[in-house]
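Open the model in your viewer and keep the selection tool ready.

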Amino acid sequence: MTLPTADFRSDTVTRPTPAMRAAMLHAAVGDDVYGDDPTVNALQSRLAADLGFEAGLFVASGTQSNLIALMAHCQRGDEYLVGADAHTYKYEGGGAAVLGSIQPQPIPQAADGTLPLEAVGAAIKPDDPHFARSRVLCLENTWHGKPLPLAYAPDARALCDERGLALHLDGARLFNAAVAQGVPVRTLVAPFHSVSVCLSKGLGAPVGSVLLGSAELIARGKRLKKLLGGGWRQAGMLAAAALHALDHHVERLADDHRRARVLAEGLAAIAGLAVETPQTNLVFVTVPEAALPRLRATLHEYGIIASVGGPRVRLATHLDIDDAAVARAVAAFSAAMR
Ligand SMILES: *Cc1c(COP(=O)(O)O)cnc(C)c1O
């Protein structure tokens, strides 16, 4: 008997649904470099309006979106303050430094993903030729599957206003935070000058992120997008997938969160595993080092795809993970630990 495979590595592995593919097929398109693609324009203005910003820019990836934001906020020799374990600092190839000549100032994060504001305040440089110019504070929501505490971003904004910094949000999984906290996305992003949102994570579109900000920031962003090789032509087919995701895949994130809880509870009942209670769609489970080789083999046997690099394993629930896949993952871990 061959089992269907279930891929828990990331919420980026989803394939477009038949309905999403139909929307892509029938999308009206034009040359986006000329600003002619009606579907791209519709996506940009819709997200901007929904989230309370003047303008939006549809780009190829979250990495490109964050990089464009940082380069639009900063000049050479400026710096951005960022979590030491934040995606923008750690997992984006050092792009801000490599391509923007923007120095990162990493700040150790608290367990909830926040950057303690005393530490941020202390790291902001005075105006002195010895120092880089502190220009932007960059936050992430969700961080490692945790929504930022609701009171935090407004406090961070107050500090930024006081010290003359811009506030950027890497909101790759912003919609997961909004659904988990039962708060409108618009409220979550109100304190920020710019926000990057991924359509290709839990929302299930094949490609793309949108950067939101003031008309002026997005105008600079457009120039940077072209400079970075991100100008694209009939991208409306991708924007159509993104619009479909916004229409049909937001509320269902609650299903992913429920399945993550079921998965975590199932794993927590297995002797030898330490499981962190998930708040959204990411489950972290720590497996004894000695059990890793057997776990890898057993997961394979059960058709479960997971990244088992070391003892702390991240499992993501998403559009293509159903209740049966969750049950099979629990059974596989159970068999491996027996
Ligand atoms: C995935 C991700 C990104 C980058 O998105 P890509 O589209 O993979 O470049 C940025 N930030 C966070 C928190 C992410 O999870």
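Select aspartate 256 to begin. Aspartate 256 is buried, because its relative accessible area is 0% and buried means under 20% (exposed is over 50%, partly exposed in between, with a 1.4 Å probe and protein chains only). It sits in helix α12. Helices (H or I, at least four residues) and strands (E, at least two) are DSSP runs, numbered from the N terminus.

A word on the model: it is predicted, so local features need pLDDT of at least 70 and side-chain atom pairs count only at pLDDT 80 or more, while totals for chains, interfaces and linings use all residues. Residues are numbered from 1 along each chain as its sequence is written, and side-chain values use heavy atoms, leaving out hydrogens and water.

Now show what surrounds aspartate 256. Leaving aside neighbours within four places in sequence, aspartate 256 contacts Thr280, Asn281, Thr317, His318 and Leu319. Contact means heavy atoms within 4.5 Å.

Next, select threonine 14. Look in the loop between β1 (6-7) and α1 (18-25). Threonine 14 is buried too, at 8% relative accessibility. Not counting residues up to four places away in sequence, threonine 14 touches Lys201, Gly204, His318, Leu319 and Asp320.

Show the side chains here. From α12 come Arg258, Arg259, Val262, Leu263, Gly266 and Leu267; from α14 come Asp323, Val326, Ala329, Val330 and Phe333.

Last stop: the structure has 1 aromatic pair. Select phenylalanine 58 and tryptophan 232: the pair is tilted, 5.0 Å centre to centre, with 45 degrees between the planes. Rings of Phe, Tyr and Trp (its six-membered ring) pair if their centres lie within 6.5 Å; planes under 30 degrees apart are stacked, over 60 edge-to-face, the rest tilted. Phenylalanine 58 is in strand β2 (residues 55-59), and tryptophan 232 is in the loop between α10 (215-227) and α11 (236-248), 174 residues apart. Phenylalanine 58 is buried at 0%, and tryptophan 232 is buried at 14%.
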